[in-house]
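Hi,

Here is the structure I said I would pass on. Have a look at it first, and my notes on what turned up follow below.

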Amino acid sequence: MSALWIAHVHVNDEEAYGRYAKLATGAIAAHGGVFLARGGRYVQLEGNDRPRNVVARFPSVEAAVECYNSDAYQEALSHARGASERDLMVVEEIGD
């Protein structure tokens, strides 16, 4: 069953976070991830406001977690640490 990788982000250092985003794009694609939303318009209705919101679809929860734990994604993530405050989760989609 497919899964959604959902990130809510506040960027503190645009340059460093840009390096993260560039490297993360390749790592996510290599694990079958496809971006559905990436930093577009949003309306905060409840909870903490994080102005950058990202949603990617993966073939499965396992594929998304494998991506996160991969060397390529961890290298990308090294640029985001200290450059952003992030919440990240993977949620399995509802089957038909």
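Let me start with D87, which sits in strand 4 (helices, H or I of at least four residues, and strands, E of at least two, are DSSP runs numbered from the N terminus). D87 is partly exposed, at a relative accessible area of 34%; buried means under 20%, exposed over 50%, and partly exposed in between, with a 1.4 Å probe and protein chains only. Leaving out neighbours within four places in sequence, D87 is in contact with I6, A7, H8 and R50, where contact means heavy atoms within 4.5 Å. From D87 to L45 it is 42 residues in sequence and 17 Å in space, C-alpha to C-alpha.

Before going on, some housekeeping. This is a predicted model, in which local features need pLDDT of at least 70 and side-chain atom pairs count only at pLDDT 80 or more, while totals for chains, interfaces and linings use all residues. Residues are numbered from 1 along each chain as its sequence is written, and side-chain values use heavy atoms, with hydrogens and water left out.

Now R50, one of the contacts of D87. R50 is found in the loop between strand 2 (34–38) and strand 3 (52–58). Is R50 buried or exposed? It is buried, with a relative accessible area of 14%. Setting aside neighbours within four places in sequence, R50 is in contact with H8, V9, H10, Y42, Q44, E85, R86 and D87.

Stepping back to the whole chain: there are three helices and four strands, and along the sequence they follow the pattern β-α-β-β-α-α-β. The C-alpha trace spans about 40 × 35 × 15 Å along its principal axes. Of the 96 residues, 34% count as buried. Among contacts between residues at least 6 apart in sequence, 75% join residues at least 24 apart.

As for the surface, the chain exposes about 5900 Å², with carbon and sulfur atoms supplying 51% of it; these areas come from the Shrake-Rupley method with a 1.4 Å probe, and for residues only the protein chains shown count as cover. There are 9 positive and 14 negative side chains, and the centres of the two sets lie 7 Å apart. Lys and Arg count as positive and Asp and Glu as negative, with His and the chain ends not counted; each charge is placed at NZ of Lys, CZ of Arg, CG of Asp or CD of Glu.

In helix 3 (residues 71–80), the buried residues are Y73, A76, L77 and A80. They cover an arc of only 105 degrees around the axis, which puts them on the same side of helix 3 (the arc is that of the directions from the helix axis to the C-beta atoms). An α-helix has 3.6 residues a turn, so residues three or four places apart point the same way. The cover over the buried residues of helix 3 includes strand 1 (3–11), helix 1 (14–30), helix 2 (61–69) and strand 4 (84–92). Just after helix 3, G82 takes a positive phi of about 85 degrees.

In helix 2, A63, A64 and C67 are buried. Seen down the axis, these residues fall within an arc of 100 degrees, so they line one face of helix 2. E62, E66 and N69 are exposed on the other side. Strand 1, helix 1, strand 3, helix 3 and strand 4 are among what covers the buried residues of helix 2.

A3, in strand 1, is buried with a relative accessible area of 0%. A3 and A63 are 60 residues apart in sequence and 8.6 Å apart in space, C-alpha to C-alpha. S84, in strand 4, counts as buried at 13% relative accessibility. Apart from neighbours within four places in sequence, S84 is in contact with V9, H10, V11, N12 and Y17. S84 and N12 are 72 residues apart in sequence and 5.1 Å apart in space, C-alpha to C-alpha.

Cheers
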